[in-house]
Amino acid sequence: MRISTSMMFDMGISRLTDLQSSIVKTQQQVSTGRRVLTPSDDPVAAAAAVGVSQAMSINDQYAVNRNNAKSALSEEESNLADVVTQLQSIKSIIVGAGNGALDDTQRQDYVTQLKSTFEQLLATANTKDSLGNYIFSGYQTATQPFTKSATGASYNGDQGQRLLQVAPSRQMSVSDSGLAVFENNLVGNGHFVTASGSANTGSGIISTGSVSDLSQLNGQSYTLTFTVDATTGATTYTYLDSSVVPPTPSAPQAYAAGQSITLGGTQFTISGAPADGDTFTVKPSTDQSIFTTINDLINALSTTAVGSTNQTRLANSLNTANNNIDNALNNISSVRASVGARLSEIDDLDTAGSDLKVQYTDRLGDLVNIDPVEAYSSLVQQQYTLQAAQQSFMAISGLSLFNYLK
């Protein structure tokens, strides 16, 4: 086979070009630290790398969501802590206002404090987060959750809890509605509520009571009516049971101040001296707004307490308010415990997400990254090969028959 000069040059240049291309590619791999620069380098590894990269991206987005969730829950926790401080301040006011040595004018100082605390609490309930969204309005983030009303405050939001996907199989609520925090507070002892009649004229004070037999609590109500014999002065009472149809008064029961009274699983005491016709009620507990409780307390303290009848009314009102504030504090504690549990879960999910990211990074490195030792060795070998090829080409291209003619 005859090899022409042009063929020799073409073959030599082609080979040198291939060697130079290989060196350039190896240099790119070394500089980037990646073995797979294009899908054609390793189609199988490139396809697997795309899947791993997508998984890493999703895992990173979950981390962003968790950070947002942590921020939202931390803001809520801060506000709930403020609510607790405000409610504890109200309890101190209740204790102070119950001092029998105070006159109506001195009691007005507590009314002023209560009104100020009411406004603070309302402002806390209407707090916005760092993005300008109302924290306690449920899904209605652009709607102010509470507006002042004649009975306290009206709730304008809904019951929704905003959710964020914080892990592949975990959606977490990052808010609690104002209904759950400020409105759903049981009155009384959480099972039933006792109250004195608004028209009472005696000095009877009813206790909060307790449950004597939970199995007997079936949602019934009781109304106790007192009778004082004009001749003997003996005091008795009868009661109506709402579950009895038609309503029929019980047989008269002898009254002894402070003696325990048990009705259908409820147990309570009445102290003092009820007047003839005074009434007391026992009803199932219902939910009541914190703002309604405070408003009722303000009204009670704003009404004169001169005279035994008004003193008794005030004592009953303060007892009721104190119990309702305790229930509100218990409810806030439950919400805070839930927020704390979610924050703790986020920390656990962050740890798992970080571990998963390390695994994805290692897997991606195995698929597309170079082995430095192998790459450097290959680069040196390619450089030597290119040098040898260049020298060979120079030697071969310099051959000519004319060099041997004299």
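A cavity, as the word is used in these legends, is a set of grid points where a 1.4 Å probe fits but cannot get out, and the residues said to line a cavity are those with an atom within 4 Å of such a point. All the views below show a predicted model.

**View 1. The largest cavity and the residues around it.**
The count of cavities of 30 Å³ or more comes to one, and the largest cavity has a volume of about 40 Å³. Its lining is made up of Asn185, Leu186 and Val187, then Gln288, Ser289, Ile290 and Thr293, and finally Asn324, Ile325 and Ala328. Two or more of these lining residues are given by each of the elements β5 (185-186), α5 (290-302) and α6 (308-368), and the largest share, three residues, comes from α6. By residue type, the lining of this cavity divides into five nonpolar and five polar residues, with no charged ones.

**View 2. Helices α3 and α5 side by side.**
Two packed helices are described by the angle between their axes and the distance between the axes. Here the axes of α3 (residues 104-125) and α5 come within 9 Å and cross at roughly 165 degrees. Angles over 145 degrees count as roughly antiparallel, and α3 and α5 are therefore roughly antiparallel to each other. The crossing in which α3 passes α5 is left-handed.

**View 3. The residues that meet between α3 and α5.**
On the α3 side, the contact is formed by Arg107, Gln108, Tyr110, Val111, Leu114, Lys115, Phe118, Leu121, Leu122 and Ala125, and these meet Ile290, Phe291, Ile294, Leu297, Ile298, Leu301 and Ser302 in α5. Taken together, the residues of this contact divide into 13 nonpolar, two polar and two charged. Ile290 of α5 takes part in this contact, and Ile290 is also one of the residues that line the largest cavity.

**View 4. The largest pocket, with α6 in its lining.**
About 610 Å³ of space lies in the largest pocket. This pocket is lined by 29 residues, of which Ser196, Arg313, Asn316, Ser317 and Thr320 are the closest to its centre. At least two lining residues are supplied by each of β6 (192-196), α5 and α6, and the largest share, eleven residues, comes from α6. The lining of the largest pocket divides into six nonpolar, 21 polar and two charged residues.

**View 5. The second largest pocket, with α2 in its lining.**
The second largest pocket holds about 300 Å³ of space. Of the 15 residues that line this pocket, those closest to its centre are Asn68, Ala72, Asp129, Leu131 and Val174. The elements α2 (43-97) and β3 (163-167) each supply at least two residues of the lining, and α2 gives the most, with five residues. The lining of the second largest pocket divides into seven nonpolar, five polar and three charged residues.

The peptide bond that runs from Val245 to Pro246 is cis, with omega near -5 degrees. Pro246 itself is found in the loop between β10 (235-241) and β11 (253-254).

Definitions and conventions:
Residues are numbered from 1 along each chain as its sequence is written. This is a predicted model: local features need pLDDT of at least 70, side-chain atom pairs count only at pLDDT 80 or more; totals for chains, interfaces and linings use all residues. Side-chain values use heavy atoms; hydrogens and water are left out. On a 1 Å grid over the protein atoms alone, a cavity is a set of points where a 1.4 Å probe fits but cannot get out, and a pocket is an open set with protein on both sides within 12 Å along at least five of seven lines; lining residues have an atom within 4 Å of a point. Grid points are joined across faces, edges and corners, and a volume is the space filled by probe spheres set on the points. Helices (H or I, at least four residues) and strands (E, at least two) are DSSP runs, numbered from the N terminus. Ala, Val, Leu, Ile, Met, Phe, Trp, Tyr, Cys and Pro count as nonpolar, Asp, Glu, Lys and Arg as charged, and the others, Gly among them, as polar. Axes are lines fitted to C-alpha atoms, for helices over the stretch in contact, and angles run from 0 to 180 degrees between N-to-C directions. Angles under 35 degrees count as roughly parallel, over 145 as roughly antiparallel, 65 to 115 as roughly perpendicular and the rest as oblique. A crossing is left-handed if the near helix is turned anticlockwise from the far one by less than a right angle, and right-handed if clockwise. Contact means heavy atoms within 4.5 Å.
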